[in-house]
Amino acid sequence: MAGLLALSRTIDRINEFIGRWVSWLILLAILVSAGNAVIRKVFDISSNAWLELQWYLFGAAFMLASAYTLKQNDHIRIDIVYGMFSRRAQHRIDLLGHLLFLMPFVVLMVIYFVPYVSLSFHSGEMSTNAGGLIVWPAKAILLVGFFLLALQGVSEIIKKIAIMRGDMDDPNPFVSAHEQAELEAKALVEEAKAIAGEVRP
């Protein structure tokens, strides 16, 4: 198990590094969007390439950070029923979800996208919009994103098994929406008390 946990930690570090850095692509997409809007309004000049670049940057941030989001356990989930189970049962649900739903889907996507990207690259596929960008980089981002998500799925499966065996602590203890709201309310009360204490003469 030690070797598998070492592999899991390596995958986690890779996806954390990528996830943190690609978040800057959102800022870049905003700057490109703002610059394009200003140039269009002031100089009456626009280009489909700038519009498509915004989509590429946003798509890259979304796809390349999806594995990091899984690592952080921040994907949207409906925890109304999930929160009623014990933490051990929740780990079993997560493990089955990863094995039966996540992994088959991402592996299928990787297998599907390899020839899809290859064909686009070798044909020199271009955007159908006038003055648009080449298409294969956007498709390659999809492939890389699903590949990183598959790797993170492997890491999560290893960690779930290790947690259930008692080989590691739970890195993401479950907190229900109700408990989270209570914690946030307590934090706000403490902050208000601290501010009131500073203001009081």
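Helices here are DSSP runs of H or I with at least four residues, and strands are runs of E with at least two. Keep in mind that this is a predicted model. Let's work through some exercises.

**Exercise 1. What are the helix and strand percentages over residues 21-39, and how far apart are the end C-alpha atoms?**

Step 1: Start with the record. An unreviewed UniProt entry lists residues 21-39, 53-70, 95-114 and 134-155 under "transmembrane region".
Step 2: Turn to the model. Residues 21-39 come out as 95% helix and 0% strand.
Step 3: Take the two ends. The end C-alpha atoms of residues 21-39 are 28 Å apart.
Step 4: Repeat this for another listed span. Residues 134-155 are 91% helix and 0% strand, with 34 Å between the end C-alpha atoms.

**Exercise 2. Work out where the buried residues of H1 sit around the helix axis.**

Step 1: Check the helix itself. H1 covers residues 2-22 and reaches 30 Å from its first C-alpha to its last, close to the 30 Å expected at 1.5 Å a residue.
Step 2: List the buried residues, which are Leu 5, Ser 8, Ile 11, Asp 12, Asn 15, Gly 19 and Val 22.
Step 3: Look down the axis. The buried residues of H1 fall within an arc of 120°, so they line one face of the helix.
Step 4: Recall the helix geometry. With 3.6 residues a turn, an α-helix has residues three or four places apart pointing the same way.
Step 5: Look at the face turned away from the buried side. There you find the exposed residues Ala 2, Gly 3, Arg 13, Phe 17 and Trp 21.
Step 6: Find the packing partners. The buried residues of H1 pack against helices H2 (24-43), H3 (48-64), H4 (66-71) and H7 (136-165).

**Exercise 3. Find which residues have the most contacts inside the largest nonpolar core.**

Step 1: Identify the core. It has 23 residues, and Leu 64, Val 106, Phe 146 and Leu 149 have the most contacts inside it.
Step 2: Assign elements. H3, H4, H6 (87-123) and H7 each give two or more residues to this core.
Step 3: Follow one residue. Beyond neighbours within four places in sequence, Leu 149 is in contact with Ser 66, Ala 67, Leu 70, Leu 102 and Val 106.

**Exercise 4. Is His 98 buried or exposed?**

Step 1: Locate the residue. His 98 is part of helix H6.
Step 2: Apply the cut-off. Buried means under 20% relative accessible area, and His 98 has 11% relative accessibility, so this residue counts as buried.
Step 3: Name the contacts. Not counting residues up to four places away in sequence, His 98 touches Leu 70, Met 103, Pro 104, Glu 156, Ile 157 and Lys 160.

Conventions
Residues numbered from 1 in each chain as written. Predicted model: local features only at pLDDT ≥ 70, side-chain atom pairs only at ≥ 80, totals over all residues. Heavy atoms only, no water. Expected span 1.5 Å × (residues − 1). Buried < 20%, exposed > 50% of the residue type's maximum accessible area, 1.4 Å probe, protein only. Arc of directions from axis to C-beta. Contact = heavy atoms within 4.5 Å. UniProt positions renumbered as here; feature names shortened; annotations may be inferred. Core = buried A, V, L, I, M, F, W, Y, C linked by side-chain atoms within 4.5 Å.
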